[in-house]
Amino acid sequence: MLSISDVSFRYSNRYPMVLDGISLELNDGEIGVVLGRNGSGKTTLFKNIIGIESPTSGSITFDGVDLSTISRRERAQKIAYVPQDIRFGSLTVYDTVLMGRVSYFGFKSGKHDQDVVDEILCEMGLESFAARNVQELSGGERQKIAIARALAQEPRMMIFDEPTGNLDIANEQLIVEEAKRVAREKNISILTSVHDLNLAMELGDKFYFMKGGRIVYSGRDEIFTVENISDIFDAQIRIVDIDGKKVIINSKGDK
Ligand code: ADP
């Protein structure tokens, strides 16, 4: 379980706080979605969790262990991060996914590492891609490979920064389904940012609305109200019911 307690963070003493008193808890197998306008602090929060940055105050623990007290390698075995700008070397899909296990094997992979990669490629329907160079793949395929590489880390938790950023609708659905499958079948918790509000509701169990470095609203999907969304995004929206499902639509320009 991830537990973030009263975390504040600034990039330097000359700058104001970018995270201001953030607290949240995420259980194993749960999907938490962080929403907020650009610059509200989502990526900075993720960087603090994975240890690229360290909180100025407050604490982040995983299963009761303070993440700032363990090595990078140990942290990589608990938490896998898929950043917004995925960078791959010029490797095959197989070797790219295998690199996810580097915190386990260090220099040379063993039979077990290869078995883990084979299983993940099979589960994700990627076997036929194994020998392809990742540089040749489409955006959706690369996103899937990035998730496969994160899974090869055999983490307890995955963090995705905008996983559906540049994807078409079919690939968006694919990533949402894949994330849900992983959370349910492997009991891995997922914390992700998503821009699209409807996609967020589709994906998440819990939601955190951020503004100016603070979590202003949190809870289940009951927090998707016209008032809260207008407050966070400064946008004009309507919420309609379609076949029993809450759908958010842009109402700017409506009479
Ligand atoms: P989001 O992911 O919600 O778009 P970010 O966490 O990227 O927000 O940014 C939050 C704030 O932190 C912004 O005001 C941004 O300008 C600032 N910021 C981000 N990275 C740095 C950095 N390396 N140095 C200084 N300020 C930064």
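**Exercise 1. Describe the polar contacts and the surroundings of the ligand.**

Solution. Begin with tyrosine 11, one of whose polar side-chain atoms lies 3.4 Å from a nitrogen atom of the ligand, where a polar contact is a pair of N or O atoms within 3.5 Å. Next, turn to the backbone: a polar atom of glycine 39 is 2.7 Å from a ligand oxygen atom, and a polar backbone atom of serine 40 is 3.2 Å from an oxygen atom of the ligand. Taken alone, the ligand exposes 570 Å², of which the protein buries 58% (Shrake-Rupley method, 1.4 Å probe). The model is predicted, with local features needing pLDDT of at least 70 and side-chain atom pairs counting only at pLDDT 80 or more, while totals for chains, interfaces and linings use all residues. Residues are numbered from 1 along each chain as its sequence is written, and side-chain values use heavy atoms, with hydrogens and water left out.

Finally, list the shell: the residues surrounding the ligand include Tyr11, Tyr15, Val18, Arg37 and Lys42, each having a heavy atom within 4 Å of the ligand.

**Exercise 2. Determine which residues of helix H9 are buried, and how they are arranged.**

Solution. In H9, a DSSP run (H or I, at least four residues) covering residues 226-233, the buried residues are Asn228, Ile229, Ile232 and Phe233, buried meaning under 20% relative accessible area (1.4 Å probe, protein chains only). Viewed down the axis of H9, these buried residues fall within an arc of 100°, so they line one face of the helix, the arc being that of the directions from the helix axis to the C-beta atoms. Lastly, aspartate 234, which follows H9, has a positive phi, near 55°.

Key:
Buried means under 20% relative accessible area, exposed over 50%, partly exposed in between (1.4 Å probe, protein chains only). Helices (H or I, at least four residues) and strands (E, at least two) are DSSP runs, numbered from the N terminus. A polar contact is a pair of N or O atoms within 3.5 Å; within protein, one must be able to donate a hydrogen and the other to accept it, and residues adjacent in sequence count only if both atoms are side-chain atoms.
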